[in-house]
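Good morning, colleagues. Please look first at the sequence and the model.

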Amino acid sequence: MEESGEKLALVNDREPEGLVSIVESSHILETSHVRELCKELPPRTVGHTWQLTYSTSRHGASLKSLYRKLSTTDSPVLIVIKDALDEIFGAFLSHPLRPSETFYGTGETFLFMLHPRFKCFRWTGENSFFIKGDLDCFAIGGGSGHFGLWVDENLYMGRSSPCYTFNNCCLSETDDFRVMELEVWTFT
C-alpha cells in the first residue's frame, strides 16, 4: 500500500526528479519556475529526468551548435530564454529543434512566460505553424507574417509577436529583445 501511495503523490505533484539538480544546472530557472512549468508539461514528460542539453553560457551562441546538440535526440524540448530586461520566457516543443523545409510538430507545443509573471499559451487549432528551423533562425508559432517566438542564428537577437497558432501576447516586454541566456532542456 505504501509504495502505490508514494507513486500517486509523485504523479500528483508533477515535480521532476532532481529538482535541485535542475535549478543548480540552470543559469535561468528557479524552483518556482520549474514547478509552474511542470503543471503544463504533457504527461509523456512525467517521470523523465530534465537534461540541460544546450546552454549559451556553456556551449556558445550558435544555432548550428544547438542543432548539432539536438541531432541525436527524439525527446521533446524546453527552450528557456532570459532577455536583457530580465524577462524569462520560452517554448515547449513536441519535437527537437532541427533545420526543416516546412513547419513541423504537434499541438503539444506551447509558448510561455515565466517572469515577471507566469502565463502559458496553448495551441488554438487555427493553424499548424508549430516549429520551423532554418540555418539563420528558428521560429515557433506563426500566421500573417508574425512569429510567436523568433531567434536569430547567433542566438543573440529575437522577436516575439502575437500569432494565430497560440493566440499569445508578446512574450517579452518589447517586440525585439536581446538574448542574455538561452537554455535547451530535453527529457531522458
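Let us begin with Phe187, which counts as buried because its relative accessibility is 7%; buried means under 20% relative accessible area, exposed means over 50%, and partly exposed lies in between, with a 1.4 Å probe and protein chains only. Before I go on, please note that this is a predicted model, in which local features need pLDDT of at least 70 and side-chain atom pairs count only at pLDDT 80 or more, while totals for chains, interfaces and linings use all residues. Residues are numbered from 1 along each chain as its sequence is written, and side-chain values use heavy atoms, with hydrogens and water left out.

Which residue pairs with Phe187? The partner is Trp50: the ring centres are 5.5 Å apart and the planes stand at 75°, so this pair is edge-to-face. The rule is that rings of Phe, Tyr and Trp (for Trp, its six-membered ring) pair if their centres lie within 6.5 Å; planes under 30 degrees apart count as stacked, over 60 as edge-to-face, and the rest as tilted. Trp50 belongs to strand β1 (residues 50-55) and Phe187 to strand β10 (residues 176-187), so that the pair joins distant parts of the chain, 137 residues apart. Helices (H or I, at least four residues) and strands (E, at least two) are DSSP runs, numbered from the N terminus. Trp50 is also buried, at 6% relative accessibility.

A second pair consists of Phe103 and Phe129, whose ring centres are 5.0 Å apart and whose planes are at 35°, so the pair is tilted. This pair, too, links distant parts of the chain, 26 residues apart: Phe103 is in the loop between β3 (88-93) and β4 (110-115), and Phe129 is in the loop between β5 (119-121) and β6 (131-133). Phe103 is partly exposed at 24%, and Phe129 is partly exposed at 34%. By the pairing rule, the count comes to eight aromatic pairs. One aromatic cluster is formed by Trp50, Phe92, Phe110, Phe112, Trp185 and Phe187.

Two arginines also sit over rings. A charge counts as such if NZ of Lys or CZ of Arg is within 6 Å of the ring centre and within 35 degrees of the ring normal. Arg98 lies over the face of Tyr104, at 3.8 Å from the ring centre, and Arg122 lies over the face of Phe110, at 4.5 Å.

I turn now to the interior. A nonpolar core is a set of buried Ala, Val, Leu, Ile, Met, Phe, Trp, Tyr and Cys residues joined through side-chain atoms within 4.5 Å. The largest such core has 30 residues, and those with the most contacts inside it are Ile79, Ile81, Leu97, Phe138, Ile140 and Leu149. Two or more residues each come from α5 (63-70), β2 (77-83), β3, β4, β7 (137-140), β8 (149-152) and β10. Apart from this core lies another, of 19 residues, among them Leu37, Leu78, Ile88 and Phe187.

Where is Leu37? It is in helix α3 (residues 31-40), and it counts as buried at 0% relative accessibility. Neighbours within four places in sequence aside, Leu37 is in contact (heavy atoms within 4.5 Å) with Leu29, Trp50, Leu78, Phe112, Leu114 and Phe118. The buried residues of α3 are His33, Val34, Leu37 and Cys38. They lie on the same side of α3 because they cover an arc of only 135° around the axis, the arc being that of the directions from the helix axis to the C-beta atoms. Their cover includes α2 (19-25), β1, β2, β3 and β4.

Finally, some remarks on the backbone. Most residues other than glycine have a negative phi, and most peptide bonds are trans. Here, the peptide bond from His115 to Pro116 is cis, with omega near 20°, and Pro116 is in the loop between β4 and β5. Asp86, although not a glycine, has a positive phi of about 65°; Asp86 is in the loop between β2 and β3 and is partly exposed at 44%. Asn167, not a glycine either, has a positive phi of about 50°. Asn167 is in the loop between β9 (157-159) and β10 and counts as exposed, at 59% relative accessibility.
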